[in-house]
Amino acid sequence: MSSVPSSPLAAPAAAAYDPDARLSALAWLRANLFSSVWQSLLTLAVAFVLIRFFWFVLDWGVVNAVFYTTDPDVCRAATGACWAVIAEKHRPMLFGLYPYDEHWRLVLMMAIYLGTVVLSLWPRCWNLRFLVPLWIVSSLSIGVLMFGGVLGLRYVPTSEWGGLPLTMLLFTGTVLIGMPVAVLLALGRRAPLPVARGVSVVFIEALRGVPLITILFVAVNVFPLFLPAGVEVNKLLRITVGIAIFFACYQAEVIRGGLQAIPRGQYEAAASLSLSYWQTTRRIILPQALRISLPAITNHIIAAMKNTSFVIIIGLFDILTATTAVMQDPLWRKFYIEAYLFVAAVYLFFGYALSLYARQVEKWIASGRI
Amino acid sequence: MTQSAKPGPSADPVIRMSHVSKWYGHFQVLHDVSLDVRKGERVVVCGPSGSGKSTLIRCINRLEVHQSGQIFVKGLEMTDNVKNIDTIRRHIGMVFQNFNLFPHLTVLENLTLGPMLTRQMKKSAAEDLAMHFLRKVRIPEQSGKYPLQLSGGQQQRVAIARSLCMEPEIMLFDEPTSALDPEMIKEVLDTMIELAESGMTMIVVTHEMGFARTVADNVVFMADGRKVESGPPEEFFGNPREERTRAFLDQILKH
Amino acid sequence: MTDANPGLRGKRPRRSPKDILYSESFRTAVYQIALAAAVALLGFYLYQNVVENLARQNIATGFGFLEQVSQFEIGETLIAYSARDTYGRALAVGLMNTLSVSAAGIVVATVIGFSVGIARVSSNWLLQRLATAYVEIVRNIPVILQVIFWAAVIRNLPAPRQAVELWGLGFLSNRGLTFAMPSAHAAHLWMLAALGAGIALAILASHKAKRHREATGRYIDMLWPCVGLIVGLPLLVWLGFGAPHEISFPERRGFNFAGGATISPEFVALMTGISLYSSGFIAEIVRAGIQATPRGQVEAARSIALRPRFILRYVVLPQALRVIVPPLTSQYVSLIKNSSIAVVIGYPDLVNIGNTVMNQTGQAVEAIAVMMLVYLIVSLATSLLMNLYNRLVAIKER
């Protein structure tokens, strides 16, 4: 550990970003890869490992890989990856237990869902008169597609939902329910009322102190006990709310950080215009606090997407559970690495897309566009 | 403006502070301060830093809460009655040292927010009003920009216009030029002088003695939370009664 | 200038009921009482429902079940346990497993995290990019997926007969990780005690040296004496016991290994998964810590002719640690919480055993309460320590 901080002593860490270093490719190479004997050796060693690794990836993943076959024995004979397992099993992996013949409904649902989300993230569409009807229409159509039971569609109960659509629904539900709760908790923690502060602090700290799994256990096993006899709440909904509230407690702390960063003068200026508490909060304080804490907010939103995978513990068939179940097939189970790499790629793709978008939003904020 | 309050003789104070005291913990920031301000009067409050002059005017619209004594604005006592607080704040505009513009709103939005939310004005009317006051402070062309894109002097003029959009009867200025570069002080002071000439009731905390000399009807000198001395500027600057006042004026006028 | 009317002095208008209704303090009180009442009512309502539901379903209440015989076996135990022991003891076994896998995970995550974190700010472009790629990948794949992946990898490892040999020191097989261990000897316990004594003495000695320096201005280099104490004392004890150097090497025997020590596949998979996941976050924390010390600080220290070692000790480290330690601790806490996903791969941690207890007894409320309480205590104790630490190191600003 003692060697940790030697870096700022030893070498200019920012060399890679030094614009002068880009004068010529040769100068750049010297500055960033071969600045000393020791650096050159390090570069060569890392390069050696990387080339070996990429050689292996190429060899295993491309050259000797089987890209398409329906016969697992072809895969077994090959020395490389068996990407065919994804082609063969993509439907149960992506759609879980949902009835096989109805999968087209899920494809349509995902198209509607992604379209709605992309439109909602596009600043040109940030207009309630457009967004509210959009979300009403797409939620209704997604509901009709998922549940069925009308328009001649077969009814599919939530217990048969699964795969990527389920992951998407869990994630969206978490964010849509969690963000308002987070804002309320953050405001509560900074409220002028001591009782509100106390309730918020206890709630936030208690939930942040326990693992998500225990909250899911509560949602599944304990929550039904809270309700009077005869009243039931759908299990999928209970779980979504559980993840959402867990998410909200972390997000509340992030938003609280943003609230604390607002100078007192903003409150005073609002008071001198005789704005009420809620007017001040909604028009002056929150817009600034949310902008300030945006990077951390995005981190937790991406974490929420990863956290949806916890539902494997209580037996919901999200994309990970579905894949794990599919990999029980004795004919194909040998190719689990390929299958899990595929699932990892799905998470990486959506996580990367979210963080790219967040970076863009930060740029918009910096340029005063939003 | 509500003209329901009797327009009475100008001797009737619009602001009456009597025996106001305030403590931060054990530290007393205001000692038994009394001050009357008549309609149309321009009061300049000066004094060394930490003398309580800012606290004094911040008590008038309850940004700070005084713990003893009484403050009346237009005959209404400032207590913790939320209705009174609201009414009094509507009568009073305030300009801050650090402008305190809302950085996430454009200049125009900064100006229309108050009229639209607390005076229930229509958007178009509020924008007309905002442009009217932006022209008054001579920066109508900046209406679409964000505060942080303006110079300090421009920001402070926007802040003045923002207060004026509430059409207040009294304006409080809390060291409005202290955070400005020297070359921008004049544009803000000019705006304030124009405002004074229009007959606005003003209380100004400032170190700008030139402004005090030309504009003030009454200069108040504070030190250690006490009102040491007050009087018309000719008297205050020409013949200060108290030793502390003289020392302060010597120091500040030397520069 | 008119001074205040003396007639106003001390005169307080009587408050009318309307005045009270509009007073800020009254409203604040009303809101608070209403909120408190709402929370209390909700709590009471939920409690009532729980009691009624449990009574209707004939489920016992209270923590009496902790005394009942569990009747299930646990694969991995650090303390003696059998199916004849109580649920309480089973949960204790689970807690020990949680702590042991977390402790191992924390060590591994710290080592990898610090290495990658340093590489993240390396002036070597290639190394820095490699570290960045590592961080982005391990942080953005759900930890559950990583644990399941490693569990599958280990399950698909060859059987002991064809086990992967690790430089003659151990084997990796579908039975887990088997490695060489010094044969148990009474000396080991004493060596551990000597290590503790050595650390205590080293701290004491450097404190004395500091006092001495402050009193006389003379600097005594305590680095090597301290290393000597910490390493030397256990070494002396070891020699005192006649230097027992017998090491038990594992060897293939039948379908399994003999000798050495083995950690189970579940332990290896869980520990690998959660520690790699956390190492990505720790690397980012370390990077932020290193970058938190501005170059100007080092230059300033050089300009007053401090030796590099003092720059490290008195300028860089204190500032870096102030940035690193608090988030690092919360990362450790979240690693401990992440270990609760043990249940997906069948490692018998607290939550896994709690889950079994819950299913056997039906006492979900109590079983979940026990689990939550344990984690809550760990989290709250850590944040308490962190608050103390922050107060200790806070930079005094005006």
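This is a predicted model: local features need pLDDT of at least 70, side-chain atom pairs count only at pLDDT 80 or more; totals for chains, interfaces and linings use all residues.
Local features require pLDDT of at least 70 and side-chain atom pairs pLDDT 80 or more, whereas totals for chains, interfaces and linings use all residues. Residues are numbered from 1 along each chain as its sequence is written, chains are lettered from A in the order in which they are written, and side-chain values use heavy atoms, without hydrogens and water.

**Exercise 1.** Determine how helix H10 (residues 212–226) of chain A packs with helix H12 (residues 364–393) of chain C.

*Solution.* 
1. The angle is about 155° and the axes are 10 Å apart; axes are lines fitted to C-alpha atoms over the stretch in contact, and angles run from 0 to 180 degrees between N-to-C directions.
2. Because of this angle, H10(A) is roughly antiparallel to H12(C), a label for angles over 145 degrees.
3. The contact (heavy atoms within 4.5 Å) includes A:Phe217 and A:Leu225 of H10(A) and C:Ile368 and C:Met371 of H12(C).
4. Its residues comprise 10 nonpolar, two polar and no charged.

**Exercise 2.** Characterise the interface of chain A and chain C.

*Solution.* 
1. In contact are 64 residues of chain A and 69 residues of chain C.
2. Carbon and sulfur atoms give 76% of the buried area of about 5,600 Å² (accessible area, 1.4 Å probe, lost on being put together, summed over both parts).
3. Zero salt bridges are found across this interface (side-chain nitrogen of Lys or Arg within 4 Å of a carboxyl oxygen of Asp or Glu).

**Exercise 3.** State what the salt bridge of A:Asp329 with A:Lys89 ties together.

*Solution.* 
1. The closest N and O atoms of A:Asp329 and A:Lys89 are 2.7 Å apart.
2. A:Asp329 lies in the loop between helix H15 (319–326) and helix H16 (336–366), and A:Lys89 in helix H5 (residues 84–95), so the pair joins parts of chain A 240 residues apart in sequence.

Technical notes. Helices (H or I, at least four residues) and strands (E, at least two) are DSSP runs, numbered from the N terminus. Angles under 35 degrees count as roughly parallel, over 145 as roughly antiparallel, 65 to 115 as roughly perpendicular and the rest as oblique. Ala, Val, Leu, Ile, Met, Phe, Trp, Tyr, Cys and Pro count as nonpolar, Asp, Glu, Lys and Arg as charged, and the others, Gly among them, as polar. Buried area is the accessible area (1.4 Å probe) that two parts lose on being put together, summed over both.
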